[in-house]
Amino acid sequence: MIIEIFGPPGSGKTTFAHELARRLRREGYHAEVVLSYQPSTREGRFDLGIFLFISRIMAAVFSTSKILLSPRGRINLSTSLSMIRILPPKKRMWRARLWQYILKLSRCWDQAKQSRDVIIFDQGYVQVIGSLAMFNETADNVALAKALSLAPVADFTLRVVVPQMIVETRLLQRMMHEPPAERIFEADFDTNIRAFRVFQTINDILVQSNRKIIPIETLSNQSSLESIQSVEQKIISKILQTGGGPTAKRGQGHERLDADASDIDHRSDPKSTRVSAASIAPADIVLPTTKTWAGALATPASSLF
């Protein structure tokens, strides 16, 4: 089962995805967050992030080569090139980066379709199409609809709904604590804010095409908890309707997603990620509000898209 989350940068997609996966695992279902990305935080005044910059470039080159040489490499390549042609980013750096990301996404999505696990993408096809439109700057409804028609449909598509003012605060605080080299991988503030209009348009197009979108809220602890519980119930209900169940409790084997280790976030608890407290905006933290959330500390929202 594939779950896809989309929304503006800083809206809380990654936080929501990891807490949802954690709750599903607690109920005995195998759940993984795939291709999740979180920006690093500056360790001190002299931390420029140069090593991270170089390592990411090398990792991107290696993973791209691996995908292109795989049996389905040509198909994955065709998908990425088609989307880039429809919504080409103005800057070459973003064109190359998003092309490489779509290539990787296409491979992971193909594998997720063959898996019996619950695979959660906090930066799936809808999100990346929104990113293409953001960096294209002149994308119209026709181009967006065409790009969306090329994207496979997830079992559940979730849209994060959060006020722009909250997102602005989160983004500004996150930018303050990023190493200089890390910012090369990030969109600027104005581009990120432009995402609100883009994702509203995308949502309207999806609804007009009869695609069911589930709105989720991350404004407060209570709204986040209610949204996660609601989505969790929908996922479990669909699994049971198709004859599935909590495989971990039933002792059945399960097939892991055959992806690079760096593609899968294996955290069983958000606490296992070491994040500087100063790098997390207050609005990004989902604090425990019930016994089921005891000890849970949410991580900052993704900033890749």
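**Reading the folds and contacts of a predicted model**

Modeller: In this predicted model, residues 24 or more positions apart account for 82% of the contacts with a separation of 6 or more. The protein comes to ten helices and six strands.

Biologist: What share of the 305 residues is buried?

Modeller: Buried residues make up 53%. Each of them has a relative accessible area under 20%.

Biologist: Which residues in α6 and α8 meet?

Modeller: N141, L144, A145 and L148 in α6 meet T201, I202, I205 and L206 in α8. By class, that contact has six nonpolar, two polar and no charged residues.

Biologist: Which residues touch the most other members of the largest nonpolar core?

Modeller: They are L87, L105, F121, I129 and I202, in a core of 40 residues. The elements giving two or more residues to this core include β1 (2-6), α4 (92-113), α6 and α8.

Biologist: What does F121 touch, leaving out residues up to four places away in sequence?

Modeller: F121 touches I2, I3, E4, I5, V34, L35, L105, C108, W109 and A112. Each of these has heavy atoms within 4.5 Å of F121.

Biologist: Which residues belong to the other core?

Modeller: F16, A17, F156 and L158 are among its 23 residues. This core lies apart from the one of 40 residues.

Biologist: Why is E137 called partly exposed?

Modeller: Its relative accessible area is 41%. Buried means under 20% and exposed means over 50%. The value for E137 falls in between, so E137 is partly exposed.

Biologist: How do you know that N210 is exposed?

Modeller: The relative accessible area of N210 is 73%. Exposed means over 50%, so N210 counts as exposed. N210 has its place in the loop between α8 and β5 (213-217). Phi of N210 is near 70 degrees, again a positive value in a residue other than glycine.

Terms used:
Residues numbered from 1 in each chain as written. Predicted model: local features only at pLDDT ≥ 70, side-chain atom pairs only at ≥ 80, totals over all residues. Heavy atoms only, no water. Helix = DSSP H or I, 4+ residues; strand = E, 2+ residues; numbered from the N terminus. Nonpolar A, V, L, I, M, F, W, Y, C, P; charged D, E, K, R; others polar. Core = buried A, V, L, I, M, F, W, Y, C linked by side-chain atoms within 4.5 Å. Buried < 20%, exposed > 50% of the residue type's maximum accessible area, 1.4 Å probe, protein only.
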